[in-house]
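Subject: Structure for your files

Hello,

Here is the structure I said I would pass on.

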Amino acid sequence: MRRLRIRWTVLLTLLGVIAAAGGVAVSAEEALDSFGHGELQPSSFADLLGPITEGGRTGWDCAPERAARAAAARAAELPADSR
Amino acid sequence: MRFGALLGALCLWLGPAAAALAQSYPAATEPPHTTDVSRLRALAVEREVHERFARGLKAEASSDWAAAIPEFERIIALDPPEPKGSTARYDLAIARARSGDYGAARLLLEAALERDPGFRAAAANLVTVDVLAGDLAAARTAADRFTELAPASARARYERGIIALRAGDLSTARDDFRALISGDPAYAVAHYDLAIVEIRSERFDTAETELESALAIDPTYARARFALGTVYVRIGRRTEARAAFDRAARDASDITLRSVALDLRDRL
């Protein structure tokens, strides 16, 4: 009789622990659903390219044209919002 | 003694030369070796265009948009040949956009592209102007046009990728960010944005790989670290998620991101 009571106590304690863990898990998931996605936004848009001088586009050799056609991101005046 | 004499002679020789230089003007236009009235008028217009470009650009350099606008408007009224006509419209569009008149800026950039369909900087700024105006549908059309004009352009791919991602067009966004990464694998932001596409597509393994790439390039990239934490939560790796949110909170300069990261860390 006593042994049976101990078994039931252990079983109920285990169930309690599992239920508590599940509760924590749900709360973290819910937190992500409620405000986590707001922080998972895409990066910001690029800013305007700068002005061009009177003779700047002769031969397309000016900074904004070079930025507009650059294949490398670091030469394209793109955002670096890493923080 | 000999050196002093040499220096004195040099000063005597340089003195008149320096005075002559101070009185000379830059040769902006050819001297008018003509008495023909129409030719003289054309040269005068050319000179005015030159001077107004200089004044307009100087005003833009100091963010004095109100002073820049009439200079470029006058150049447009003088109707110089290409590429000056489209360049003046482009420069005026910048002043208009910086003044908040996005509608006028858009029309000017359209006119610049009509005059010179290969003007890629104008195509790029048209996208940005539509974004600033909050018109994402028009921005997408402009971004498609820019990408068509410059398929290898990192900026074209980036802008269209961000617009597509915000509009929920995950397929286009994925293609653009992949193209951007293949052109410049060291650009951490592209890895982050591709990861956002994959998270929204519930492809968490790929998202994890991209975020790890972003963090290998920049270990203090707080937004990427935060996103990695959310991926870990989704795939049930809570210990790693907790560590990621903790590190994101420490690296973040954005107060909102920091507080959300701390909150999520404490819930795990």
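This is a predicted model: local features need pLDDT of at least 70, side-chain atom pairs count only at pLDDT 80 or more; totals for chains, interfaces and linings use all residues.

Chain A

The secondary structure of chain A consists of two helices and zero strands. Chain A has 83 residues, and 30% of them count as buried.

Contact between the chains

Chain A puts 39 residues into the contact, and chain B puts in 56 residues. On the side of chain A that touches chain B, the elements giving two or more residues are α1 (2-36) and α2 (63-69) of chain A.

A helix pair in chain B

Within chain B, helix α2 (residues 37-61) packs with helix α4 (residues 84-98). The angle between them is about 25°, and their axes are 11 Å apart. Angles under 35 degrees count as roughly parallel, so α2(B) and α4(B) are roughly parallel to each other. Their crossing is left-handed.

Which residues meet where α2(B) and α4(B) touch? From α2(B) they are Val49(B), Gly56(B) and Glu60(B), and from α4(B) they are Lys84(B), Asp91(B), Ile94(B) and Ala95(B). Sorted by class, the contact of α2(B) with α4(B) has three nonpolar, one polar and three charged residues.

Regards

Notes. Residues are numbered from 1 along each chain as its sequence is written. Chains are lettered from A and ligands numbered from 1 in the order in which they are written. Axes are lines fitted to C-alpha atoms, for helices over the stretch in contact, and angles run from 0 to 180 degrees between N-to-C directions. Helices (H or I, at least four residues) and strands (E, at least two) are DSSP runs, numbered from the N terminus. Angles under 35 degrees count as roughly parallel, over 145 as roughly antiparallel, 65 to 115 as roughly perpendicular and the rest as oblique. A crossing is left-handed if the near helix is turned anticlockwise from the far one by less than a right angle, and right-handed if clockwise. Two residues are in contact if their C-beta atoms, placed from the backbone, lie within 7 Å. Ala, Val, Leu, Ile, Met, Phe, Trp, Tyr, Cys and Pro count as nonpolar, Asp, Glu, Lys and Arg as charged, and the others, Gly among them, as polar. A residue is buried if 20 or more other C-beta atoms lie within 10 Å of its own, exposed if 12 or fewer, and partly exposed in between; C-beta atoms are placed from the backbone.
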